[in-house]
Amino acid sequence: MTTIASRMAGAAWLRAASPVLLLVVLVVGIGSAAPGFMRLETLGLLLSDTAVLFVMAAGLTFVIMVGGIDLSVQAVASLASVVVAQWLPVLGYAAFPAAILAGLAVGLLSGFVHVRFRIPSFVATLATGGVVAGLALLASHGQTVTILEAGRAQARWVSGSLLGVPDLILIGALVAVGGLIVQRFTPFGRYSAAIGAGEPAAWASGIRVERTKIVAFGISGGLAALAGVLLAARLSSGSPTLANEMLLPAIAAVVVGGTAITGGVGSVARTIVGALIVSIVRIGMTFLNVNIFAQQIVFGAALVLAVAITIDRTKIPIVK
Amino acid sequence: MTRPTAQVSAAGRGAAAPEGVWPWLRRRAADWAPAVVLLGICVALAVLNPAFMEPRNLVRVANSAAIPLILAIGATFIIAMGSIDLSVEGVMSLGTMIVAMLAANDANANDFGWWAPLLAVLAASALGAVNGVVHVGLRIPSFMATLGIWFVGRGIANTALGGSAVRVMDPSIRDLALHRMFGMPFAVWIAIACFLCALGVERLTRFGRYVFAIGGGEDIAELSGIAVRRVRVMAFTLAGFFYGIAAVLAAAQLGQSNAVIADGRLFMTVTAVVVGGTALTGGEGGVLNTLIGVLIVGVLANGMVLLGVSPYVHQAVQGLMIIGAVALSTRRSRLQFVK
């Protein structure tokens with residue numbers, strides 16, 4: 001018995017540690033192949049790139065932890081970028097919280113639709129994502145909205161740097177710390193893990209399953225909107241299709257980091273590792289001159305593989 | 001086999017009739033709701049704008065519904081199994097790319113004529129089969145397997161196209177969609193043919209019955225000796241086949257293949273299937289429902305254009321339609337926990 005238990009613990013440990021090992025191998029590999037990679041500016045750029053992806057993926061982590069999925073994140077991020085770009089001249093700094101609140105509202109709505117009407121989360125969020133994409137197109141008349149000079153000054157908190165460290169990295173770190181605290185030290189974080197691990201048991205022990213799920217979707221929407229805001233500030237523009245290529249890398253970051261798509265197992269910390277892996281693989285492929293379009297093939301295949309490795313099959317007797 | 005059962009159930013229904021027409025009507029109401037909604041929308045549009053009923057406009061509706069119908073027919077078999085196929089856009093991108101690159105085009109010297117659409121449908125079916133094999137073989141949920149394949153397909157297509165649009169110069173391939181027969185574009189006739197084939201597969205073949213048996217209750221289907229895994233792979237292959245035909249028509253209709261040719265198709269497809277009354281939980285609905293669903297979405301889109309509503313609003317309305325249709329069609333007593 002003990003040998004089986006210890007072997008299982010060993011397997012679990014290996015499963016948790018393998019993303020970190022993969023990350024180390026990737027960094028060392030690319031670092032030795034291309035010495036320019038280890039320079040401070042390159043690393044700073046890499047981390048800034050990762051920060052935006054991480055913020056979105058961190059939100060997704062909460063939804064995946066409860067066993068759901070949020071396919072609306074890219075539409076929410078795009079909408080947030082449009083809101084910021086259009087309202088900066090009118091509202092000034094208030095445009096940033098307005099955009100994030102809009103995302104939060106959409107997330108809560110997705111969660112509400114999902115639990116109240118008992119619609120599977122991927123369809124519910126596909127639908128709300130469609131509604132949001134329509135709204136973003138409508139608000140922007142389908143065009144890119146440029147942030148003018150005055151707005152750029154107001155967006156300096158994203159594009160600037162503090163003591164030589166790009167602000168984006170600091171924002172990403174803040175989200176990481178906040179996410180970890182929420183997951184480890186709040187009832188909500190514990191309930192989320194419990195729901196993901198076994199919804200009937202969580203429900204039977206008196207956890208308010210529906211409310212917890214709605215909050216998880218709210219966090220996902222809010223952080224997706226924050227990612228959209230960061231993107232808009234960085235590119236000095238908002239567009240209804242700005243974040244359209246981000247859904248797959250974001251889900252990949254969560255899953256590659258070791259959070260199981262079946263829920264219950266995972267954390268924002270793992271998503272940090274996952275986001276770094278995704279960014280480094282992307283940069284590595286650029287170094288190796290892999291066509292930017294072909295990178296989608298790699299990510300698609302990697303996603304399937306990572307899901308297959310991390311999934312907990314005892315939880316889904318019938319795989320639909 | 002099926003005929004005697006049908007008679008028995010008809011007899012049963014006849015016997016139950018004296019007990020009251022209302023309970024029977026109410027039971028049947030859910031089945032007829034999509035058709036009633038379609039009729040209601042048509043009547044409302046005809047009243048609001050007489051131009052809706054003009055033959056020219058009706059042909060336009062049919063033409064714009066052709067490709068969505070073929071896509072949605074493919075997805076119906078997947079959703080009837082209780083699974084989902086998110087790879088619609090990826091498979092379709094791959095198909096249109098192959099048509100454009102192998103037929104006479106403005107990017108290379110290829111001119112394989114009819115081999116181009118044939119190989120496109122073949123490749124799309126193959127990618128559909130990959131969906132099924134990955135889903136069944138690695139035992140991962142279909143929405144994850146097909147999400148991955150979505151981007152694999154798109155990646156292959158975009159890599160081959162190199163980010164540019166490639167025009168189809170072969171007039172006979174373009175005629176596949178544009179040539180008119182009895183006043184209707186050929187694309188419409190192909191869609192009707194696809195519909196009849198799919199209806200045949202659904203109603204008359206063992207495979208069609210198995211798909212619904214699996215959707216109704218996979219454990220029971222398995223225990224009754226159905227080779228569930230094989231049926232699943234076959235269904236995904238069949239779906240890929242239909243996406244391939246839709247891809248050929250899209251390439252023929254637009255005369256090109258580009259990076260965004262399939263954008264928004266997944267959304268429209270899922271809306272149409274679900275609005276038609278095929279439940280996401282599987283086991284209910286069918287291609288006939290999907291025909292009605294596609295017409296609802298198509299007529300509504302056409303009506304919004306006629307009434308001068310922004311096309312962007314239409315996407316938002318579609319999203320609300322998905323939520324409404326799924327919420328109405330889900331029998332909540334059946335599922336305790338929804339993920």
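Of the 198 residues in the largest nonpolar core of this predicted model, those touching the most other members are Ile69(A), Ile251(A), Ile261(A), Leu303(A), Ile70(B) and Met144(B). A nonpolar core here is a set of buried Ala, Val, Leu, Ile, Met, Phe, Trp, Tyr and Cys residues joined through side-chain atoms within 4.5 Å, and buried means under 20% relative accessible area with a 1.4 Å probe, protein chains only (exposed is over 50%, partly exposed in between). Helix H11 of chain B, residues 228–254, gives the most to this core, with 16 residues. Helices (H or I, at least four residues) and strands (E, at least two) are DSSP runs, numbered from the N terminus.

As for Leu303(A), leaving out residues up to four places away in sequence, its partners in chain A are Leu248(A), Ile251(A), Ala252(A) and Val255(A), and those in chain B are Met144(B), Leu147(B) and Gly148(B). Touching, or contact, means heavy atoms within 4.5 Å.

Now for the interface. Here 51 residues of chain A are in contact with 53 of chain B. The two chains bury about 4,500 Å² between them, with 74% of that on carbon and sulfur atoms; this is the accessible area (1.4 Å probe) that two parts lose on being put together, summed over both. The rule finds 1 salt bridge across the interface, taking one to be a side-chain nitrogen of Lys or Arg within 4 Å of a carboxyl oxygen of Asp or Glu. Arg154(B) and Glu245(A) form a salt bridge, their closest N and O atoms 2.8 Å apart.

Chain B itself has 14 helices and 4 strands, and buried residues make up 52% of its 339 residues. Asn49(B) sits in the loop between helix H2 (21–48) and helix H3 (55–80) of that chain. Asn49(B) counts as buried because its relative accessibility is 18%. Its side chain reaches the backbone oxygen of Leu306(B) at 3.4 Å.

Residues are numbered from 1 along each chain as its sequence is written, and chains are lettered from A and ligands numbered from 1 in the order in which they are written. In this predicted model, local features need pLDDT of at least 70, side-chain atom pairs count only at pLDDT 80 or more, and totals for chains, interfaces and linings use all residues, while side-chain values use heavy atoms, with hydrogens and water left out.

Notes:
Polar contact = N/O pair within 3.5 Å; in protein donor to acceptor, adjacent residues only side chain to side chain.
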